[in-house]
Amino acid sequence: DAPRTEEIAYTLSELLRYSLRNTATMVALSEEVEMVGRYLAIQQMHFGERLQTRVRIDPDIHDLRLPCMLLQPLVENAIVHGVEAVTRCVTVELNASLQNDGVLLEIADDGPGVDAGIVHSLNANTHFIHSNRRRPSLGLQSVVRRLSEVYGERFKFKVESSPGKGFRIMLFLPIVEN
């Protein structure tokens, strides 16, 4: 299947170039969402009908600047912990909307979810998720650390989940003037 292999190789090379950028770089939300779209396209080829995706971005915030490689690790967590963990179809969503004096970014899946103890420790920032893989997933921990460095106390995050009900990460970022 040479055309499919070529498409995957091209998309991977674009993702690699993007991921090699300095993570301290600020990029437009639209650029970040474009890279997430490429990542999801590769995952769609891998999982086929087992993966459904929805991306909804408020057009008024396409130019919002945020740290590079902020969303992709969280979407990857949704794939690893939500889609890979089950054999049924799972929907992964990315939503970005204007909320009062900031922006709400949500990454959600309707996969297996986690129990209340893990949700509590994630919200208290005292836990990082271990997958069934050899290496722990550091996506949320890394994102929270980077956002704290950029926005300090003005940034907020919250996790919602329960067994069998999926997993949702909500990030509230203040709008800062460039």
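**Reading burial and helix packing**

Q: Is C68 buried or exposed?
A: C68 is buried, with a relative accessible area of 0%. Buried means under 20% relative accessible area, exposed over 50%, and partly exposed in between, with a 1.4 Å probe and protein chains only. C89 is partly exposed, at 36% relative accessibility. This is a predicted model: local features need pLDDT of at least 70, side-chain atom pairs count only at pLDDT 80 or more, and totals for chains, interfaces and linings use all residues. Residues are numbered from 1 along each chain as its sequence is written, and side-chain values use heavy atoms, without hydrogens and water.

Q: How many disulfides does the structure hold?
A: A disulfide is a pair of cysteine sulfur atoms within 2.5 Å. The structure holds zero.

Q: How much of the protein is buried?
A: Buried residues make up 44% of its 178 residues.

Q: How many helices and strands are there?
A: Helices (H or I, at least four residues) and strands (E, at least two) are DSSP runs, numbered from the N terminus. The protein has five helices and seven strands.

Q: How are two packed helices described?
A: By the angle between their axes and the distance between the axes. Axes are lines fitted to C-alpha atoms, for helices over the stretch in contact; angles run from 0 to 180 degrees between N-to-C directions. Here α3 (residues 72-83) and α5 (residues 139-151) have axes that come within 8 Å and cross at roughly 160°. The two are therefore roughly antiparallel, the word for angles over 145 degrees.

Q: Which residues meet there?
A: Contact means heavy atoms within 4.5 Å. P73, L74 and N77 in α3 meet G139, L140 and V143 in α5.

Key. Angles under 35 degrees count as roughly parallel, over 145 as roughly antiparallel, 65 to 115 as roughly perpendicular and the rest as oblique.
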